[in-house]
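Have the sequence and the 3D view ready, and take your time with them. This briefing walks you through a few places in the fold, one topic after another.

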Amino acid sequence: MKRLIFTTLLLLMASTSTLATDAPLTTPRPHWVTPTPIATQFSVPEADIRSGAYYLLVDTQISVPAEGEREIYQEFAVHITNPSGVEQQSQIFIEYDPSYETIALHEVFVLRNGEKLDRIASAKFEVLQRETDLENLIHDGRKTISLVLSDVRAGDSLTYSYTRTGQNPVQQGYFNYTTGLNWAVPVEQVNLDVYWYKNTPLHHKFFNSDLKLEIRKIPNGQHYHVSDSRIAAVIEQERTPSWYTPRAHIQLSEFSNWAGVVEWATPLYRAASKPNQEISAIAKKIQLEYSDPKDKIAAALRVTQGDIRYLGLELGENSFKPTPASETLERRFGDCKDKTVLFIALLNALEIEAQPALVHTENGPRLPKKLPTINGFDHVITRVKLGGLDYWLDPTRSTQYGHLDSLHQPQYHYALVLQPGQSELTAIKPGAELNSIITEDRFTLQKTATKAANYQVSTLYSGREAEFQRDGFSRDGHKNIAEQYLTYYENMYGKVEAVEPLEIEDQQTTNQFQTQERYNLASFWEDAGNNRYEANFYANAISSELEIPDSSRRTQPYQLNHPKRLSQTIVINLSDEEWIFDDETFEEFNPFFEFSYNSKFDEAANTLTLTYHYKSLTGHIESAEFGEYIARLEAVNEQLSYGIYQYINTPAAETPGLFDDITVLNATLFIFACYSLLIIAWRIEARFSKNNHPQEFYPVAIPKLMAMWILTFGTYGIYWFYKNNLYLKKKNDDASMPVARGIFNWLWYFPLWKALKNDNSERFEQSHLPLAPIALLCAVLYAMLSFAGFKYYPMGCLLASCLLIIPLANYINHANKDNTAAIDANSRWNYRHYLLSLISVPILLLSIGSELGFMPSDKVVSGNALHAHTLNDLRRKGVIEPKDQIQYFYSDALFKFLEDGNGFTNRHIFSYWADEESGFQVELANFEDIANIEFEPANGWGENAIITITRKDESSFLLFASSMEGGDKQFFKALNERWQAAQKKITPPEQG
């Protein structure tokens, strides 16, 4: 009796918009439900908790009688771990359809310190008409029970349960149900029980799970059970395909094949697709106007798309059952089912074969793996058969113009065609590749003194892309879109003026849409300093499809925009000056996309043309292929920009004084002069102090060999190889060149070992040298270290190469064991060695410190080269946040990083310096707050480039980047790409 009263109360509330009561009625749980114990002893997986809640139980029990209404009992228990959980869990929402469902509430209580506290009496109880899908023009009539609980605290365990009774009558009692077995949050216990009393078998299928369904007989039926415990959270990565889910779930269905679903659904559509007199009149008009059946189909489609607005009243049975075609035509609105049956009614009147086709807009690729079920689809389109071909047409799309073969056919992968005898899904074959965007940018560059340029953009959209643009202009308005375009170009080029209004041409007969834009760029040429002006061009219409993901870590598929065909041509009309450009060509073909670029210069017309093409080849990237995909993107991204420059009014260069400024060049010249003086002193001393002691090869004590090798930055190695090869030349009386062998010593390691090996065989019975394979390996390593030292870790490579020499030097010393006077003479230290140490040691310490990351480097470095203590200092000073990852960094300081530095992260740009008067100063700017970035190259070798960062509030600050090894250009390129990526959030459609 209580349950009847509660059901009546809910039906009464469904007839009003909102009703509240202080004490909602409850009923005992159904007799057939077996209570599932809730864990009272558990350990919370703190690292995986989200929104302050740990679910202790997700329990679903379903009773499906042979006749009558099915019941679904659900119980949830959640442990609240913090105030965020209190906020999230203190309100319970239960959604239902009042036209065929009732909700019976059983319990709502809190377990606190072992005490069970009822929360029904104090709850605020309402029934809301929320219409959560209203923004998609769908009214489903569903209502939501809202329970606002009082006195819920962190540390409580909240439990609530209810039973849902009823089923949409249009489903005719057929049963299907899908439920998850893990989620984005951890769960202590999940439980599913189905009590099956029907004579037909119940089919099941697990996805992403190794669980097994337990089946046992019960009186008059069967009991299906599955459960799991301590279920870890499963997180879905960003940009996974819509059809992909990493989470486990189970599907239950009464249907054994798709023929059963067809048998159920076909009568619903056949009854609604009958043409009436008005539909027949429209068909007769089309018949008189067109003779080609394809034109008739296209005309009927335009009537359905253009004259019938989209609006879904999916209340009760209408969520599956279409409205009769005559009624849809009369009221001039309908959802996908209604518009489909009207379209089919028109085609039937035209004697053209057509059937409804059930599809899923997101999960299409997975349909063949699913069990047959009524609920496996979310959309209806139309299959039209003509001349042995299938046309898949969607009456809900924006008005499609042109010939039937020029219309975009949606790619939903699989469809269930509703016609008698159909028992399988039908694969939707891709239509012709009609979708494309072709952009032509035309720059007419004026004299650099004015810095201006004329800019025209022409974009031609075809197929689906034309439909998107046609719909966008209709929805957002011509003027509003023109303003969006202007804002986009201002972010790219600075001050921009629209010379003429945005023009559009809707070429409906070919289903194409074209836009024409004309602008004046006031400051296109950038003053790079020293009378140099630069202009940069970027394949912005293609670049968004070639963006490099922020992370290369991927365990799930990565979605791409597909199909996508883009072409961009940039035509640069140059001023009447002499220009010279080399023609270039680049092509990239891989399993993911095709890309080509070429530049061509027409000297007669003084025109440079850049052409780019992109075509997607797949809709997603498997995780195992993700690294290769990123590598292909990196190769292509280097081709997306093109820069030109020129000098004007260059004055005669002035010769600066050597000490006008302390530059890297001056410092280098000073150090070179010191070393030159030491070499001169050494040669003078060697001339007047002859070493006449007999010696084999060139013996020298190992400590001095290593010290001189390091102090001379490897130059001593040239001398050592020279002296040993000079000995061999005299001994063998051959035509070898000891000087060349000393200079190119990386080539002569193994030959010297071989000569020493022969000498060893002549002098000693026992070998004192490494074996040939080891010597060969040492020779290869020595050559590699000699080259690597020019760019990567010079000091480390220098030390390693010196160690490889020791076995050879050690044998030479052993061969001179009886000539200790020679070794002593060659190993003696004098004043010039100490002077050398005085000059070299500080340079060595600075080099080692910068290589190890303890002190600033003279080059631009990547963020991962910075030590943890440096990053902690920057966080402590507020330069970066803990989550930030520095991409590139440069410090002009000599010893301490905190003296000055600048760089950028994925999020922002930073610059800091220590000032004696005002202390530690910091400039920060997020990428989306930046209006412009200007680059001024270094004035000379070893100098710093200057990058000016201008915020949108017109404030600005400077960054400095070392030009060593091109680091300044690498720094600016990566910085500019990050900034451009941030601007693309407001990119207009054709440039996106």
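Predicted model: local features only at pLDDT ≥ 70, side-chain atom pairs only at ≥ 80, totals over all residues.

Residues are numbered from 1 along each chain as its sequence is written, and side-chain values use heavy atoms, with hydrogens and water left out. Helices (H or I, at least four residues) and strands (E, at least two) are DSSP runs, numbered from the N terminus.

**The open sheet and strand E3**

- Eight strands form an open sheet with mixed pairing, in the order E6-E5-E10-E3-E2-E12-E15-E14; two strands pair if DSSP finds at least two bridges between them.
- At the edges sit strand E6 (115-118) and strand E14 (214-218), each of which pairs on one side only.
- From one strand to the next, the twist averages 15°.
- Strand E3 (residues 71-80) pairs with strand E10 (residues 157-165) in the antiparallel sense, over 9 bridges.
- Within that pairing, histidine 79 has serine 157 of E10 as its bridge partner, and valine 78 has leucine 158.
- Strand E2 (residues 53-64) also runs antiparallel to E3, and 10 bridges join the two.
- Here leucine 57 stands opposite alanine 77 in E3.
- The hairpin of E2 and E3 has 6 residues between the strands, and glycine 68 in this hairpin takes a positive phi near 95°.
- How many residues of E3 are buried? The count is 10 of its 10 residues, where buried means under 20% relative accessible area, exposed over 50%, and partly exposed in between (1.4 Å probe, protein chains only).
- In a regular strand the side chains alternate between the two faces of the sheet.
- Both faces of E3 are covered: one side holds Glu71, Tyr73, Glu75, Ala77 and His79, the other Ile72, Gln74, Phe76, Val78 and Ile80, and all are buried.

**Helix H8 and its surroundings**

- Helix H8 (residues 464-476) has 13 residues and reaches 18 Å from its first C-alpha to its last, close to the 18 Å expected at 1.5 Å a residue; the expected span is 1.5 Å times one less than the number of residues.
- Its buried residues are Arg464, Glu465, Ala466, Glu467, Gln469, Arg470, Gly472 and Phe473.
- These buried residues pack against strand E25 (436-445), strand E26 (453-462), helix H9 (478-493), strand E27 (496-507) and strand E28 (512-521).
- After H8 comes glycine 477, with a positive phi near 95°.
- H8 and H9 pack at an angle of about 110°, with their axes 6 Å apart; axes are lines fitted to C-alpha atoms, for helices over the stretch in contact, and angles run from 0 to 180 degrees between N-to-C directions.
- That angle makes H8 roughly perpendicular to H9, on a scale where under 35 degrees counts as roughly parallel, over 145 as roughly antiparallel, 65 to 115 as roughly perpendicular and the rest as oblique.
- Where the helices meet, Gln469, Gly472, Phe473 and Asp476 in H8 touch His478, Asn480, Ile481 and Tyr485 in H9; contact means heavy atoms within 4.5 Å.

**Two glutamines in one loop**

- Glutamine 171 lies in the loop between E10 and strand E11 (176-180).
- Is glutamine 171 buried or exposed? Glutamine 171 counts as buried because its relative accessibility is 7%.
- Leaving aside neighbours within four places in sequence, glutamine 171 is in contact with Trp264, Phe320, Ile374 and Asn375.
- The C-alpha atoms of glutamine 171 and lysine 321 are separated by 9.5 Å, though the two residues are 150 residues apart along the chain.
- Glutamine 172 is also placed in the loop between E10 and E11, but glutamine 172 counts as exposed, at 51% relative accessibility.
- Phi of glutamine 172 is near 55°, a positive value in a residue other than glycine.

**Other loop details**

- Glutamate 351, in the loop between helix H7 (336-349) and strand E20 (354-359), has a positive phi of about 60° although it is not a glycine.
- Glutamate 351 is exposed, with a relative accessible area of 76%.
- Proline 563 is found in the loop between strand E31 (558-559) and strand E32 (565-573).
- The peptide bond leading from histidine 562 to proline 563 is cis, with omega near -5°.
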